[in-house]
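Happy to go through this one with you. Let's ask what stands behind each label as we look.

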Amino acid sequence: MRNSLSISLIGLAAALIGTAAISQTGDRATERDLKLMDTWLAGKQPGRPTSCIPSSQIRSTYYVGGRTILYRMRNGTVYRNEPPGGCPGLNSNLALETRNPTGLLCSGEIAHVRDYSQGYSPGSCALGEFVPFRKVR
């Protein structure tokens, strides 16, 4: 009984250490992240923030550290979202899961960071406003 308890505690400690390591790397934007964000936003000007975007129009998503989420839409607009307080653990190796039965992704919604390969969630965050970046005409 004692041995199985010790093994369980060691496993729990290892899992917590692994989560902390992911959170630390996920919360910082790497040079690669910043360059990719510059590429996504190049030639575009920020517009007036909006509360919601249609989830069906999202073509791709990119996470810049644990602080910025970029949504590229089908029409070429890129929305930048900065969750207040960041999004602990979020990095490009993980997924961001939201539930939006209305078909809209809105500020204030809770998004859960998921590691589907390991089967756990290192954190969650509330989405901020969506700032559109459109090509300058």
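Q: Which residue stands opposite Val113 in β8?
A: This is a predicted model, and in it Leu96 stands opposite Val113.

Q: What makes β6 and β8 a pair?
A: Two strands count as paired if at least two bridges are found between them. Strand β6 (residues 95-97) and β8 have three bridges, in the antiparallel sense, so they meet that cut-off.

Q: What joins β8 to strand β9 (residues 120-126)?
A: Five bridges join these antiparallel strands.

Q: Why are the buried residues of α2 said to be on the same side?
A: In helix α2 (residues 31-41), the buried residues are Asp33, Met37, Trp40 and Leu41. They cover an arc of only 85 degrees around the axis, so they are on the same side of α2. The face turned away from that buried side carries Glu31, Arg32, Lys35, Asp38 and Thr39, which are called exposed because the term means over 50% relative accessible area.

Q: What do the buried residues of α2 pack against?
A: They pack against β1 (44-46), β3 (58-64), β4, β5 and β10. Just after the helix, Gly43 takes a positive phi of about 75 degrees.

Q: What makes β4 and β5 a hairpin, and how do they pair?
A: Strand β4 (residues 68-73) and strand β5 (residues 78-81) pair in the antiparallel sense over four bridges, with four residues between them. Gly76 in the turn has a positive phi of about 95 degrees. Ile69 has Asn81 in β5 as its bridge partner, and Asn81 also has a bridge partner in β10, Phe130. Four bridges join β5 to strand β10 (residues 130-135), again antiparallel.

Q: Which classes of residue line the largest pocket?
A: Its lining has two nonpolar, three polar and six charged residues. Among the lining residues are Trp40, Gly76, Arg59 and Lys135.

Technical notes: Residues numbered from 1 in each chain as written. Predicted model: local features only at pLDDT ≥ 70, side-chain atom pairs only at ≥ 80, totals over all residues. Heavy atoms only, no water. 1 Å grid on protein atoms, 1.4 Å probe; cavity = no way out; pocket = protein on both sides within 12 Å on 5 of 7 lines; lining within 4 Å. Nonpolar A, V, L, I, M, F, W, Y, C, P; charged D, E, K, R; others polar. Helix = DSSP H or I, 4+ residues; strand = E, 2+ residues; numbered from the N terminus. Buried < 20%, exposed > 50% of the residue type's maximum accessible area, 1.4 Å probe, protein only. Arc of directions from axis to C-beta. Contact = heavy atoms within 4.5 Å.
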